[in-house]
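These are my notebook entries on a single protein chain. I set down what I looked up, entry by entry.

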Amino acid sequence: MERLLRKFVFYYREFLSANIGGKKVLILFVLTYLVFGLMLFVTVPDIMSYAGGMKIFNSMPFGYSAKYAETLLFALGEEGRHAYLVQQIPIDLFFPFLFGFGNCLLLAYLLNKLNSLYGGLIYLCLIPIFTSWFDYLENLGITGMLHTFPDTPLFLIQISNLFSVTKSLLASIYFVILFIVLISLGIKRLQLLRNR
């Protein structure tokens, strides 16, 4: 097991080192947030319109109750549930990958600028990856709810909610870390300017 872990750490570091060029990180960052913008300003509002403005599952960071889930699924109607499946879910299959990969490399790039990439902080770059896994699990749960309505099992609603909340928690942790790293980088730049 220890040997396997050492191999993982070696390949993980090699992967990050090979992929933290500024241009690659910038392209992934732009692609990630273009897809996010498409969801935020196009698909999410469109699906919400079917449900009379009710928030959809993907946009509820603090989760939802079983009653809310059933009310939303009913309010969406057949047309809205179909739109959720063919508009939001397909786009949200690309976004978690882009978010996980792009933000992992962004954080690695910034940590490298702080000369902190090869210490224990390297593992912080895994947080966006874990976030994306829970996003995929959330999407599976939502797809299951959309397909099984009106006989959606309570367990499916509860597990989907757990995935949603976990995804949001991990994303929040990541953005706090990113903010701290950016502040640290700003302080380092100021110190370099003062020392000139």
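Is F179 buried or exposed? I find F179 in helix α5, and at 53% relative accessibility it counts as exposed. I use buried for under 20% relative accessible area, exposed for over 50% and partly exposed for anything in between, with a 1.4 Å probe and protein chains only.

**Entry 1: basis of the reading**

I note that this is a predicted model, in which local features need pLDDT of at least 70 and side-chain atom pairs count only at pLDDT 80 or more, while totals for chains, interfaces and linings use all residues. Residues are numbered from 1 along each chain as its sequence is written, and side-chain values use heavy atoms, with hydrogens and water left out.

**Entry 2: overall fold**

I looked up the secondary structure and found five helices and zero strands in the protein chain. Helices (H or I, at least four residues) and strands (E, at least two) are DSSP runs, numbered from the N terminus. The C-alpha trace spans about 65 × 45 × 25 Å along its principal axes. Of the 196 residues in the chain, 41% are buried. Among contacts (heavy atoms within 4.5 Å) with a separation of 6 or more, 79% join residues 24 or more positions apart.

**Entry 3: two nonpolar cores**

I take a nonpolar core as a set of buried Ala, Val, Leu, Ile, Met, Phe, Trp, Tyr and Cys residues joined through side-chain atoms within 4.5 Å. The largest one has 29 residues, and L16, L107, L117, C125, Y174 and V181 touch the most other members. Helices α1 (2-18), α2 (22-50), α3 (66-113) and α5 (154-194) each supply at least two residues of this core. Helix α3 gives the most, with 11 residues. Apart from this core lies another, of 20 residues, among them M60, L72, A83 and L156.

I then followed Y174. Leaving aside neighbours within four places in sequence, Y174 is in contact with F99, N103, L106, L107, I127 and P128.

**Entry 4: cysteines**

How many disulfides does a search of the whole structure find? The search finds zero, a disulfide being a pair of cysteine sulfur atoms within 2.5 Å. For C104, the closest cysteine sulfur is that of C125, and because the distance is 5.1 Å, it is too far for a bond. Both residues are buried: C104 has 2% relative accessibility and C125 has 0%.

**Entry 5: the largest pocket**

I looked next for open space. Rolling a probe the size of a water molecule over the atoms shows where empty space is left. On a 1 Å grid over the protein atoms alone, a pocket is an open set of points where a 1.4 Å probe fits, with protein on both sides within 12 Å along at least five of seven lines; lining residues have an atom within 4 Å of a point. The largest pocket holds about 470 Å³ of space, the volume being that filled by probe spheres set on the points, which are joined across faces, edges and corners.

Its lining consists of 21 residues, with F36, N58, F95, D135 and K167 nearest the centre. Helices α2, α3, α4 (127-148) and α5 each give two or more residues to the lining. By class, I record 11 nonpolar, six polar and four charged residues. Here Ala, Val, Leu, Ile, Met, Phe, Trp, Tyr, Cys and Pro count as nonpolar, Asp, Glu, Lys and Arg as charged, and the others, Gly among them, as polar.

**Entry 6: single residues**

S132 lies in helix α4 and is buried, at 6% relative accessibility. Not counting residues up to four places away in sequence, S132 touches P96 and G100.

L193 belongs to helix α5 and is exposed, at 53% relative accessibility. Its C-alpha atom is separated by 52 Å from that of T143, 50 residues apart along the chain.

**Entry 7: backbone geometry**

Most residues other than glycine have a negative phi, and most peptide bonds are trans. I logged two departures. N115 has a positive phi of about 55 degrees although it is not a glycine. N115 sits in the loop between α3 and α4 and is exposed, at 66% relative accessibility. A cis peptide bond joins F149 and P150, with omega about 15 degrees; P150 is in the loop between α4 and α5.
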